[in-house]
Amino acid sequence: MDHLAWRACRLGVAGLMAALVWSGPSQGQALAPSPEAPTGRTAKTISAATRDMVAAANPLAAQAGRQILAAGGSAVDAAVAVQLVLNLVEPQSSGMGGGAFMVLWDGSVLTTLDGRETAPAAAKPDRFLGADGKPMKFYDAVVGGRSVGVPGTVRLLETAHKKWGKLPWAQVLAPATTLADTGFTISPRLNGLLTQEKYLAADPRARDYFYDADGKPKAVGTVLKNPAFATTLRTLADKGADAFYSGDIAADIVASVTGHPTNPGDMTLEDLKAYKVEERPALCGKYRTYKVCGMGPPSSGQIAVQQILATLQETDMAALKPGPDAVHWVSEAGRLAFADRGLYVADPAFVSVPVRGLTDPGYLKSRAALVDPNRSMGKAKPGDPPFQKAFLWGASEGIEFGTSHISIVDRNGNAVSMTTTIEDGFGARVMTKSGFLLNNELTDFSFSPVEDGKPVANRVEPGKRPRSSMAPTIVFDSNDKLYAVVGSPGGSLIINYVAKALVGLLDWKLDPQVAADLPNVGSRNGPTELEAGTEAADWKAGLEAKGHEVKLIDQNSGIHAIVVTPAGLVGGADSRREGVAIGN
Ligand code: DON
């Protein structure tokens, strides 16, 4: 019970501010890697730097980013290095076999890059229906080639690097290549997740790599080398991303997907060759004096975060402490946002998503007016946003471990906010010969193509990108100066995690570490969900008195945040995971 979230609530916001007020970059640096259980907590202290900073889910990955920044690299250079090291050291969460969204600030222009996976050309709406016409069980769909989308991360990294990189491509690939050659030690979190894992050992390559001869996960501290991945990195260093989307690596991906012994997929070499990163305009909205920006569709993340914030704007959150009244507002706002998300958001290339209507200030005011300060509304209905709309329905997903968030600010004040995923923990449980795991992103599509006689917006279609909840976010102050870089993994809970962190940073002016560690709370338009094992449990009765149905659930966020202060950069890495925020 010693982590900062506990202190946050025991002290109250005022006491907390006194204890953890932003004091500028006094200690300069890094936190040592610290052991932790897969879902345990590790107390983390304030992290500060004067010039640049990386906050990422593993100390080795953050170190790689920091080195690149120290060598004069840009935020994008560092993001490439961090992502590729994460592929090795946090293989359950992200990597070359998956997809990502990158939000980029280059000092004058904000861009979003969509490196989301796509469905193969052969994919059909009934992909995840069983022989009985009913939706398959989740893991029957996940494990194997059927769930694998065409990976986008490598093309995304190269696209960003070509435009915003300063150091040579081979140099930013070097930290991961060295680590793949010389090996890294298995962390407690990786070992813990392997111990819980039920499906991965059935894949022969994954079994050889992650498990001992007796079938037990390799122990914490074991040095793991990945020569196949080192070779892949060398190939990409020489030939660029084209060598991933055609040639031997592409053939290996296709063979791994189509050759799965029990649940083969239908990806082809043409699907890989056709993959494109989409550069899209950033989605920005005003929250109090700040401008909050992120990724639009196919992610539902930023739309929902902005809808939640717009509802919270109707009350004085700064005057509320973390407690039942604040949770009432956050969860009612969540209900409204998740109701709209379910109906309207999917890949904009396939569905006319009414983004303008869903973020229209007048519409959002009318939605916020549905909140009764004293009584929960129960289940929210989707609204009727102005402008265009799509009469379609969508389903939701669960909680997993297959995602990671990277926040970076470089010496020139450029920033990257990137959420990256292979979807479920260890993805489709298919390891390529090339040394990386493949995603199961296609299970982010709705399994049912039709509901209540209406086509579902997020149904499977050839070449389509599954709806995401990822919400990489960049915040600007009232002078349009970079203020914060924030994001989290966590499936559909990402939306509530990011909204919570933003309330902590922007309303309660908390240090990013404290904001990340606040108990997670909210509603996905079902019960009001409070994080089990935190003092949020004490708020249950207060919420029930307002008519909430309350559930205590694990909420394993991984918020990585950096805030720009007059004195320098201050970072936070969620104490629920093993990440760090470090800088120069
Ligand atoms: O794109 C999405 O919303 C999901 N595939 C993200 C999955 C996730 O965050 C799992 N996390 N820990």
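A polar contact is a pair of N or O atoms within 3.5 Å; within protein, one of the two must be able to donate a hydrogen and the other to accept it. In this predicted model, the backbone oxygen of P527 lies 3.3 Å from a polar atom of the side chain of S523. The side chain of S523 also reaches the backbone oxygen of G526, at 3.3 Å.

S523 itself belongs to strand β16, which covers residues 521-523. Because its relative accessibility is 0%, S523 counts as buried, the cut-off being under 20%. Leaving aside neighbours within four places in sequence, S523 is in contact with S331, G334, R335, F338, N496 and T528.

Attention now turns to the paired strands. Strand β15 spans residues 482-486; five of its five residues are buried, so the strand is largely enclosed by the rest of the structure. Strand β14 (residues 473-476) runs antiparallel to β15 and is joined to it by four bridges, with I474 standing opposite V485. The hairpin of these two strands has five residues between them, and D480 there takes a positive phi near 65°. Strand β15 is also joined by two bridges to β19 (residues 560-565), again in an antiparallel arrangement. In this pairing, A484 has V563 of β19 as its bridge partner.

As to confidence, the chain has a mean pLDDT of 91, and 91% of its residues reach 70 or more. Over residues 1-38, however, the pLDDT is below 50, and this stretch has 94 contacts in the model beyond near neighbours in sequence. Residues 393-399 also have a pLDDT below 50, with 26 such contacts.

Key. Residues are numbered from 1 along each chain as its sequence is written. This is a predicted model: local features need pLDDT of at least 70, side-chain atom pairs count only at pLDDT 80 or more; totals for chains, interfaces and linings use all residues. Side-chain values use heavy atoms; hydrogens and water are left out. pLDDT is the predictor's confidence in each residue, from 0 to 100. Contact means heavy atoms within 4.5 Å. Buried means under 20% relative accessible area, exposed over 50%, partly exposed in between (1.4 Å probe, protein chains only). Two strands pair if DSSP finds at least two bridges between them.
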